[in-house]
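Please take a look at the model below.

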Amino acid sequence: MLIDALFLQIGYNATLVTLGSATLGLAAGATGTFLFLRKRALVADAVSHATLPGLALAFMLMVAMGGDGRNLAGLMAGSALSAWAGLLCLSWLTRHTRLAEDAAIGAVLSVFFGFGIVLLTVVQTLSAGRQAGLESFLLGSTAGMLFSDALLIAAGGLCVLACALALRRPLLLVAFDPGYAQTQGINVQRMDLAIMTLVMAITVVGLKVVGLILIVALLIIPAATARFWSNRADRVVLLAGLFGGLSGYIGAAVSATAPGLPTGPIIVLVGFGFFVGSLLLSPGRGVLSSALRHRAYQRQVHLRQGLLALARQQPVYEAMTRRLLRRAGLVRADGVPTPEGHSRAAAALRDETRWQALRSSMHLSELSTRDDGLTLILDVLTQDQIAELDRRINASPRVV
Amino acid sequence: MGAEFVMLSLAPLLIGIFAAVACALPGNFLLLRRQSLIGDAISHVVLPGIIVAFLLTGRIAAWPMMLGAAGAALVAVVLIETIRRLGRVDSGAAMGVIFTAMFAAGVLLLEQSDTASVHLDVEHALYGNLESLIWLDGMGWASLLDPVALRGLPPELPRMALTLGVVALCTWIFWRPLKMATFDEGFARTMGIPVQLLSLGLVITAAIAAVAAFDAVGSIIVIAMFICPPATARMMTNRLAAQIWWSVAFAVLSAILGYVLAGYGPLWFGGSNAVSAAGMIATVSGLMLSAAALIGPHRKG
């Protein structure tokens, strides 16, 4: 069943939803990266909650004008307007009052959402029979999605994606270094507004599928996931789009396989799965690779210190060092060095002595910053320089 | 303003006021520490908490659910901190990742479990049911002195009053260290104040207030009351003590005005049904905030 769903074999509606969600995820992931790199991820939360009043007002307006209140395009237009109003309030509050951005986000989010709830109860009383699930926009609902709806979502997503990619250079510049961007003649405020507008567009497009409470996840999670895999901004954007698209595709396919698997939350959870996987397993910044790196480093330090102790004929008490020396076949069970242990220890001591000589040398001492206790001097100096150091060591045995 | 008021409106009004003040008190410190959105995160993760509690105990009861919600809040705070440190993700994004994922898990659990028969749904979690907390035994003001009638009070009322008491007491006891740690963390540390512990304590207090208020009035009020009254108060004064009192006043005022407007407002405009009280309280607090942002004496930084 799941395999069928992943290959779009379980019906027209499921295919529609899956392709729509994948496009939405792709666009949201790529767009969200700019927001994430600008470190303003939660602004999206305020924007998405601020869509609710517009949604309800648009519904009321369309019903009052005698139309169908559930027309998706109309609802999107209304929610875009109120999200825009929320965004203006947010930027006005941060710019013209003493409130920090997080407080402004919280204020806009809760007040707009509260007002939206008020309007929602009004809608319920106005036309009890026809209100038909404005609540579904809270958590999204893909049941009975029309072809035109899916087309609207996919087209909207692709439009936003195209705009984001067209603007990627100034957006990234602003995200990394607003001050520098300003000197390059980029209007930082306008670029910030552009990011927010794109975010707002994604929110509005995604309302139907994911719902306004969870849409922020589609913007943040893929970007945070992609960041684990690359340090290059354009690759992060690409990867975030990929992760977002995959989450949308897999999530929608999984949710189509059984009842009781709501699309929006499943998409978010698939995305979160990618995030946790990357947090643990990514090669550069992942938890596992950091732990392995740390462990290898620890071993190296212990082995080096153990060898130096052997060479100076000091006893080794530290348990981990003893274990490492034993396992490497450098000492016997009673702590006496093996022949190989003797030679490695001597080599370590020679290296250490050369480093000390280097430190007091006239023209090489600046290289002593490279001495982290682990780097071999053979890797830093040429043979001639080492020979010169050795001459100094032999000339003045005090250095040892 | 007689028997009908006591029966229908007294209990929800008091619960609304207590909830608003209990959230506004820790909200002041969260605001000054730029942690306002912790309240947002907590109120989202409460949903999976109560659902897990329901699945474990199999019934809708207040205490297990509050414990579940508090547990979820704690888990969320720990997870946010963990991925912030381990993954070097900035704190806003870390929050966004965790609370959306936990909320999504909550919705999924709700859909998967057989909770359709009981009164547990997302809408309830979002905007509560303040209006339904009526006091059937309250036959008039005299009932306030009648022990039998008092026993019929909605249980949310004493619970919310107790929560407010605890929160207020904590604020009073830890006033000096909290104040120091909020304004000058380095100085507080040199004075021997356990800053980290205090910070965690503040978050836990906020979580307690959020969970108790959530049970009675839904999460939308919780977020609004954590942020709007303190933010409004912040623009009225530069002194912390005065700010706290202002925020309490704003919280009480928005609870009363919001409840009254939701209940009677539509009637004035010729409607017949009340609108959501929780939403209206949030709206009123937002109006106060915008008024303060326009004319408050200390609105500029």
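**The interface between chain A and chain B**

Between chain A and chain B, 11 residue pairs are in polar contact, both residues at pLDDT 80 or more; a polar contact is a pair of N or O atoms within 3.5 Å, where within protein one must be able to donate a hydrogen and the other to accept it, and residues adjacent in sequence count only if both atoms are side-chain atoms. Salt bridges between chain A and chain B number zero, a salt bridge being a side-chain nitrogen of Lys or Arg within 4 Å of a carboxyl oxygen of Asp or Glu.

This is a predicted model, in which local features need pLDDT of at least 70 and side-chain atom pairs count only at pLDDT 80 or more, while totals for chains, interfaces and linings use all residues. Residues are numbered from 1 along each chain as its sequence is written, chains are lettered from A and ligands numbered from 1 in the order in which they are written, and side-chain values use heavy atoms, with hydrogens and water left out.

Chain A brings 54 residues to the contact and chain B brings 58 residues, where contact means heavy atoms within 4.5 Å. The two chains bury about 4500 Å² between them, 77% of it on carbon and sulfur atoms; buried area is the accessible area (1.4 Å probe) that two parts lose on being put together, summed over both. Leu42(A), Arg98(A) and Asp102(A) supply 16% of the area that chain A buries against chain B, more than any other three residues.

**Annotated spans**

The unreviewed UniProt entry for chain A annotates "transmembrane region" at residues including 72-93 and 266-288; such annotations may be inferred rather than shown by experiment. Residues 72-93 of chain A are 100% helix and 0% strand, with end C-alpha atoms 31 Å apart, whereas residues 266-288 of chain A are 78% helix, with end C-alpha atoms 26 Å apart. Helices (H or I, at least four residues) and strands (E, at least two) are DSSP runs, numbered from the N terminus.

Residues 6-25 of chain B are 100% helix and their end C-alpha atoms are 27 Å apart; residues 195-228 of chain B are 97% helix, with 26 Å between the end C-alpha atoms.

**Cysteines**

Over all chains there are zero disulfides, a disulfide being a pair of cysteine sulfur atoms within 2.5 Å. For Cys159(A), the nearest cysteine sulfur is that of Cys163(A), 6.4 Å away.
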